[in-house]
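Hello,

Here is the structure I promised to pass on. My notes follow below it.

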Amino acid sequence: MKKILTLVSVSVLGGLITLGGYKLFIEEEQPEQLAVEQVSDLPIYVPTNTTINNTAALTPNFVDAAEKSLDAVVHVKNTAIVSAPATMSDYFFGRTQPRAQVGTGSGVIISPTGYIVTNNHVIQNANEISITLNNNKTYMAELVGTDEATDIALIKIEADEDLPFLAFGDSDNAKIGEWVLAVGNPFNLNSTVTAGIISAKSRDLSGQNTQSFIQTDAAVNPGNSGGALVNTNGDLIGINTAISSRDGSYIGYSFAVPSNIARKIVNDIMEYGNVQNGILGVVGGALNSKAAEELGTNITEGFYVSDVTEDTGSEKAGIKPGDIIKKIDNVEINKFSDLSGYLKTKSPNDVVNVTLIRDGNEEIVPVTLLRPSTTILQPIGYLKNASKEELKKFDIDYGVKISEFNDNYKSDWYNAGVEEGSIVTKINGKKLYSVDDVQTAVKTRGYNKPLLVEVINKNGEKVIYRL
């Protein structure tokens with residue numbers, strides 16, 4: 001037993017000596033471990049696209065909107081009698097002969113009783129208007145009224161049954177990038193549907209800040225005028241009116257009168273027989289970087305008020321030159337066509353909330369829109385509503401005054417004894433009580449017919465001038 005214990009002890013002792021020798025003479029000294037921060041060029045978070053690539057879910061469905069629209073869009077045929085040389089002999093001797101000239105376009109049924117909205121230029125000077133429905137039934141139409149400024153006309157047919165129609169949508173809610181359909185009759189091809197998106201809003205093609213179109217890239221060609229622009233729900237959000245083209249055909253963009261403007265025009269024609277405009281009463285222009293620098297402001301979007309017209313809602317509400325209009329109600333104003341387009345949807349005595357910047361502070365001012373008190377009559381100039389005191393000087397109770405002449409004809413009027421402040425009493429034999437009467441007289445005169453304008457000159461004499 002002793003021998004065994006001795007053997008075990010020697011073995012343990014030998015192991016300890018061997019281990020000690022290894023640690024002392026053989027194992028190399030290890031360097032101290034350091035914590036090193038590594039910098040990587042790779043992002044810590046890599047964005048990923050988790051959108052489900054489901055083509056069926058992403059592709060818009062136009063079928064319901066097209067089916068809803070097709071039967072409510074009609075083919076409009078305008079027959080006008082024009083005088084023109086029929087032969088070379090007629091042309092040589094300056095003779096003209098009446099002949100029928102036919103134009104075509106589109107229209108949209110907006111009520112089951114047969115009211116149809118179209119473009120003014122589609123039915124202008126028509127002696128006869130015929131309407132063909134999608135089911136090939138044809139009716140003769142009656143002209144109810146037109147508005148040349150917005151290129152909107154209202155006509156009506158009498159049918160034996162209720163007609164399919166489109167309801168007006170809210171064009172203010174239409175968004176850039178939204179899918180739309182143009183429905184009409186281009187090149188006499190009945191019931192044509194094209195698709196596109198809204199490319200822009202509040203477009204003005206005139207350069208005179210008189211228009212506010214919806215711009216779309218849906219294909220529109222001659223014959224589409226007066227047709228429907230609808231959203232994917234089949235709601236009418238515009239009346240197709242114009243194209244941007246060098247050769248008369250579609251090359252990328254088309255333009256539609258917004259439904260809110262068209263609806264207001266139609267309602268006015270139905271109720272009053274003409275359009276009732278409400279004006280804000282401000283003069284100015286849209287801001288941009290250059291204009292902001294010249295005016296000493298850092299605001300580059302909005303409408304800068306340079307002047308306020310007297311006896312208007314803006315003057316009574318306290319709007320001042322130097323104010324910058326940013327919104328009207330909930331509509332942002334970035335350019336003049338935003339302002340004019342929204343006001344075309346309003347009527348006299350409507351109240352709008354004007355958000356403006358004054359001295360760096362934002363204010364909201366309620367303004368009551370009033371009827372226009374000034375209009376332009378070429379070749380006279382600016383005509384303005386006359387006060388009772390101004391009319392009393394001439395012992396009359398009707399008439400409008402000349403407030404400013406057109407520069408091109410100013411000297412001619414002076415030579416005729418007519419000055420600023422003179423009163424225009426009649427146009428084509430109709431008495432004038434306001435500038436609205438002036439506009440009506442101009443619109444209702446015959447095509448290419450002259451205006452017979454009665455004016456009281458500085459000697460108090462009533463003189464009729466042929467314009």
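**Helices, barrel and spaces**

Helix α6 (residues 259-272) lies across β11 (236-244) and β12 (253-258). Its direction makes about 45 degrees with β12. Helices (H or I, at least four residues) and strands (E, at least two) are DSSP runs, numbered from the N terminus. Axes are lines fitted to C-alpha atoms, for helices over the stretch in contact, and angles run from 0 to 180 degrees between N-to-C directions. Contact means heavy atoms within 4.5 Å.

Before you go on: this is a predicted model, where local features need pLDDT of at least 70, side-chain atom pairs count only at pLDDT 80 or more, and totals for chains, interfaces and linings use all residues. Residues are numbered from 1 along each chain as its sequence is written, and side-chain values use heavy atoms, without hydrogens or water.

Now the sheet. Six strands close into a barrel in the order β7-β8-β9-β12-β11-β10, with antiparallel pairing. Two strands pair if DSSP finds at least two bridges between them. On average, neighbouring strands of this sheet are turned by 45 degrees against each other, direction ignored. Helix α3 (residues 63-70) packs on the sheet and touches β7, β8 and β10 (228-231). Its direction makes about 30 degrees with that of β7.

Strands β7 (residues 179-184) and β8 (residues 192-203) run antiparallel, joined by 6 bridges. Alanine 182 has threonine 194 in β8 as its bridge partner.

Next, the second largest pocket. A pocket is an open set of points on a 1 Å grid over the protein atoms alone, where a 1.4 Å probe fits, with protein on both sides within 12 Å along at least five of seven lines; a cavity is a set from which the probe cannot get out; lining residues have an atom within 4 Å of a point. Grid points are joined across faces, edges and corners, and a volume is the space filled by probe spheres set on the points.

This pocket holds about 540 Å³. Of its 25 lining residues, Asp172, Lys201, Ser202, Val331 and Asp338 are the closest to its centre. Strand β8 gives the largest share of the lining, 4 residues. By class, the lining has 9 nonpolar (Ala, Val, Leu, Ile, Met, Phe, Trp, Tyr, Cys and Pro), 7 charged (Asp, Glu, Lys and Arg) and 9 polar residues (the others, Gly among them).

Last, the structure holds 1 cavity of 30 Å³ or more. The largest cavity has a volume of about 40 Å³. Strand β1 (residues 73-84) gives the most to its lining, 3 residues.

Best wishes
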